[in-house]
Amino acid sequence: MSNLLKKGARRRSLLVVGGIAAALSLSACGGGAPVATKPSNTETVLDDAACQRNKDAGKITYISGYGYSASAGQLDVFLAKELGYFDALCLDVEINASGANGQQLVSSGQAQFTALGSASDVMLAAANSKNLTAVATYGSVSPFSIFANEKVASLKDLEGKKLGYFINLTPIASAMLDAAGVDVSKVELIKMTNYDPTVVTRGQVDAIVGYASNQPQTLKAMNLPFKEFLPADLSVKGTYNVMEANTEFLTKHRETASDFMRASLKALDYCLENDADCLDRISKLAADNNQGSAFPREQLERTWSVESKWVKSDPALSPGMQTADQWASEYELVMKYGKLAAVPPVTDMMDTTLVTDLYKDGNLIWPTEKAAS
């Protein structure tokens with residue numbers, strides 16, 4: 001499998017590890033307040049025919065983009081299962097939290113859903129894999145940043161210095177450098193194998209292309225001085241987190257796929273209003289599955305405090321809704337910087353109605369409300 005195909009499933013893992021490693025001395029695994037009791041309205045809410053339809057679709061396997069991360073498109077899936085929302089819609093959902101090769105597994109039909117970091121990840125992989133359809137986008141802001149040693153006053157200062165990256169420079173990062181007038185040929189690009197963000201503050205590299213909700217947040221928690229450059233600072237537009245579905249499954253079981261997203265988005269609504277409970281729950285899940293040291297609650301809280309705002313970044317779109325226009329700027333960046341022979345048209349890579357149809361007047365439709373409407 002090519003690096004581009006691996007990128008969407010692996011990049012978030014690679015970028016986060018450094019923040020986690022640096023945060024371990026500050027964090028206690030699985031901490032926080034006692035987990036609240038499960039909401040009581042989780043009994044089956046579908047009529048017999050719809051319930052049987054979802055049961056007949058069989059087991060739905062979701063591949064987490066990166067373990068037990070507190071990210072939209074991930075946290076909400078874990079919580080939809082924990083809170084009983086999948087059960088309420090007669091869905092048999094299995095979660096694979098390994099975070100490895102999600103797109104490949106979904107493309108091959110071994111799984112039905114997975115999450116990626118941005119629309120550009122979808123576009124980069126689309127040239128190498130088929131049978132994938134993006135069904136939800138969780139925000140209209142790019143999650144990337146370039147974080148640098150405090151001596152780097154502007155991105156232009158990176159000329160003659162070292163810039164670290166993981167796997168490949170993202171199109172967003174390339175666009176940021178271009179917008180800042182950086183001559184990239186004068187920048188020493190370093191493929192990173194050390195995921196500790198303090199290599200920047202210690203001057204081992206001058207800057208790193210990272211994920212704004214993770215490594216920079218760890219440096220802030222450690223009170224270490226650094227500079228951070230965001231895409232929006234340079235008028236570079238992007239997207240945050242995308243849910244992809246197996247196209248054959250989506251075509252054959254569209255109503256079931258719709259209910260999977262309905263349950264996940266209901267959990268997302270819950271987590272936006274009850275963040276402490278959701279963080280307690282996913283932290284406990286991580287600990288119970290021997291990943292507590294990789295996902296300490298303090299790190300999860302830092303991540304969600306940033307990413308929950310990204311979910312609300314476009315007031316014109318309810319959580320998960322997506323449009324071709326929303327992807328347009330990022331598509332142009334992938335065409336310019338992605339170094340691909342061809343990229344499919346945006347409309348061939350996404351379904352813009354599945355999630356939109358789950359809302360009425362900006363509110364998610366739950367079946368009891370649907371029956372009354």
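1. A word on terms before we start: contact here means heavy atoms within 4.5 Å, and angles are taken between N-to-C directions, with axes fitted to C-alpha atoms. Please keep in mind that this is a predicted model.

2. Helix 13 (residues 297-311) lies across strand 4 and strand 10, and runs at about 70° to strand 10. Helix 11 (residues 254-273) also lies across strand 4 and strand 10, along with strand 1 (60-63), strand 2 and strand 3. The angle of helix 11 to strand 4 is about 20°.

3. The sheet itself is open, with five strands in the order 2-1-3-10-4 and mixed pairing. Strand 2 (93-96) and strand 4 (132-139) each have a single partner strand, so one side of each has no neighbour in the sheet. On average, neighbouring strands are turned by 20° against each other, direction ignored.

4. Within that sheet, have a look at strand 3 (residues 113-116) and strand 10 (residues 240-246), which pair in the antiparallel sense over four bridges. Thr-114 has Glu-244 of strand 10 as its bridge partner.

5. Elsewhere, helix 7 (residues 171-179) packs against helix 14 (residues 324-337) at an angle of about 85°, their axes 9 Å apart. The two helices are therefore roughly perpendicular to each other. Helix 7 contributes Pro-171, Ile-172, Ser-174, Ala-175 and Asp-178 to the contact, while helix 14 brings Glu-330, Leu-333, Val-334, Lys-336 and Tyr-337. By type, the residues of this contact are six nonpolar, one polar and three charged.

Terms used:
Residues numbered from 1 in each chain as written. Predicted model: local features only at pLDDT ≥ 70, side-chain atom pairs only at ≥ 80, totals over all residues. Heavy atoms only, no water. Axes fitted to C-alpha atoms, helices over the stretch in contact; angles between N-to-C directions. Parallel < 35°, antiparallel > 145°, perpendicular 65-115°, else oblique. Nonpolar A, V, L, I, M, F, W, Y, C, P; charged D, E, K, R; others polar. Pairing = 2+ DSSP bridges.
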